[in-house]
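This briefing is intended for a reader examining the structure alongside its sequence. Please consult both while reading the points below.

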Amino acid sequence: MWWSILSNALPVKDVIGKRFHIEDLSCPLCGVGEESVEHLFLSCDVALHLWRSSPWGIYPVCDTGIRVLDWIKFIWDLKHKGASADDIFLYASIVVDTIWRVRNDKVHNNCPIDFNICFDIICTSYADMSDSLLSSPTLVLKEAWSPPPEDWIKLNCDVKVGLESIGIAVVARDHLGRVINVQTAREEFSDALRGEAAACCLAVSVASDFGYKYVIVENDSRVVIDAINGNKSRWALENYVSFCTKSSPLFNSCCFSYVSRSCNFAAHNVARWDFSHQLYGSIPVPSIPDAILCNDREV
């Protein structure tokens, strides 16, 4: 796919129009601008929404005249800044593939664009492919969620990203693994990284409201957890980090820990469930299907 893009071999309207007369050269996804490779994959509104879903918070700035080759070089150069270029490039490859598939569905089948489906495809594909392509070849035991010590409460949090808003979920469990509280919320933005940070803030608020004294907040965004723990600064997250750090003295002990997606299924499932049903606030635990609160799989 990348080869086709860089070789100008994809049959976008700009390329075809140089060989044959075409009445309409506009982008089939947004209807704004001529459908060139740069427009379709970098500056189209649909493309920008999908790029902004990235957990690293990176997306192309298109009014700079950026080319696809520039974007690829930028991603690879991130390894010199401590980022995992392999992870980001895999995610970028899936985004590019998704954009092309959505474009073809629109052109050939007149299918409407469903961003929720696109986000799910990207996230699921990335989770599956990263396990098989980027994981160590040595035998690794599958991680699983573990309950907190006695007298502690563990709050797992996650988000579901939509087109213009985000669903947030916090699942609180005791040392026996029992779900004792579920809180959900909605934020009117679609930045996944900010959403993960907002989820941690909601977890802290829930712990404070219910008077928990020994608290562990778990989230599957390493960037957010590193920022809260002071390991790496992130300007866009400063307000969220400040809230978490200033709230920590309210507890006898409050820890923020990164966990893999396989240890965060309950919060992930609840976030998707509440977003699809538009259920926000304090959710009675008995009203949530048992399968949603499972620890071992995505539902």
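The points below cover helix packing, nonpolar cores and selected residues.

This is a predicted model, in which local features need pLDDT of at least 70 and side-chain atom pairs count only at pLDDT 80 or more, while totals for chains, interfaces and linings use all residues. Residues are numbered from 1 along each chain as its sequence is written, and side-chain values use heavy atoms, with hydrogens and water left out. Helices (H or I, at least four residues) and strands (E, at least two) are DSSP runs, numbered from the N terminus.

**Packing of H8 and H10**

- Helix H8 (residues 192-209) packs with helix H10 (residues 238-247) at an angle of about 20°, and their axes are 9 Å apart; axes are lines fitted to C-alpha atoms, for helices over the stretch in contact, and angles run from 0 to 180 degrees between N-to-C directions.
- H8 is therefore roughly parallel to H10, given that angles under 35 degrees count as roughly parallel, over 145 as roughly antiparallel, 65 to 115 as roughly perpendicular and the rest as oblique.
- The crossing of H8 past H10 is left-handed; this term applies if the near helix is turned anticlockwise from the far one by less than a right angle, and right-handed applies if clockwise.
- On the H8 side, Arg194, Ala197, Ala198, Cys200, Cys201, Val204 and Ser205 meet Tyr240, Phe243, Cys244 and Ser247 of H10, where contact means heavy atoms within 4.5 Å.
- The contact of H8 with H10 comprises 8 nonpolar, 2 polar and 1 charged residues; Ala, Val, Leu, Ile, Met, Phe, Trp, Tyr, Cys and Pro count as nonpolar, Asp, Glu, Lys and Arg as charged, and the others, Gly among them, as polar.

**Packing of H6 and H7**

- Helix H6 (residues 85-109) and helix H7 (residues 115-133) cross at roughly 140°, and their axes come within 10 Å.
- This angle makes H6 oblique to H7, and their crossing is right-handed.
- H6 contributes Asp87, Leu90, Tyr91, Ile94, Val95, Thr98 and Val102 to the contact, and the residues of H7 include Cys118, Ile121, Tyr126 and Leu133.
- By class, 11 nonpolar, 3 polar and 1 charged residues form the contact of H6 with H7.

**Nonpolar cores**

- The largest nonpolar core has 77 residues, and Phe41, Trp51 and Leu155 have the most contacts inside it; such a core is a set of buried Ala, Val, Leu, Ile, Met, Phe, Trp, Tyr and Cys residues joined through side-chain atoms within 4.5 Å.
- H8 supplies the largest share of this core, 12 residues.
- Another core, of 11 residues, lies apart from it, with Ala267, Trp273, Ile288 and Leu293 among its members.
- Residues up to four places away in sequence aside, Trp51 touches residues including Phe41, Ile58, Trp71 and Ile99.

**Selected residues**

- Gln183 lies in strand E3 (residues 179-187) and is buried, with a relative accessible area of 17% (buried means under 20%, exposed over 50%, partly exposed in between, with a 1.4 Å probe and protein chains only).
- Apart from neighbours within four places in sequence, Gln183 is in contact with Ile168, Ala169, Val170, Leu202, Val206, Gly281 and Ser282.
- Asp24 is in the loop between helix H2 (13-17) and helix H3 (37-43) and counts as partly exposed at 42% relative accessibility.
- Pro28 is also found in the loop between H2 and H3, but is buried, with a relative accessible area of 17%.
- The contacts of Pro28, leaving aside neighbours within four places in sequence, are Lys13, Glu35, Arg103, Lys106 and Val107.
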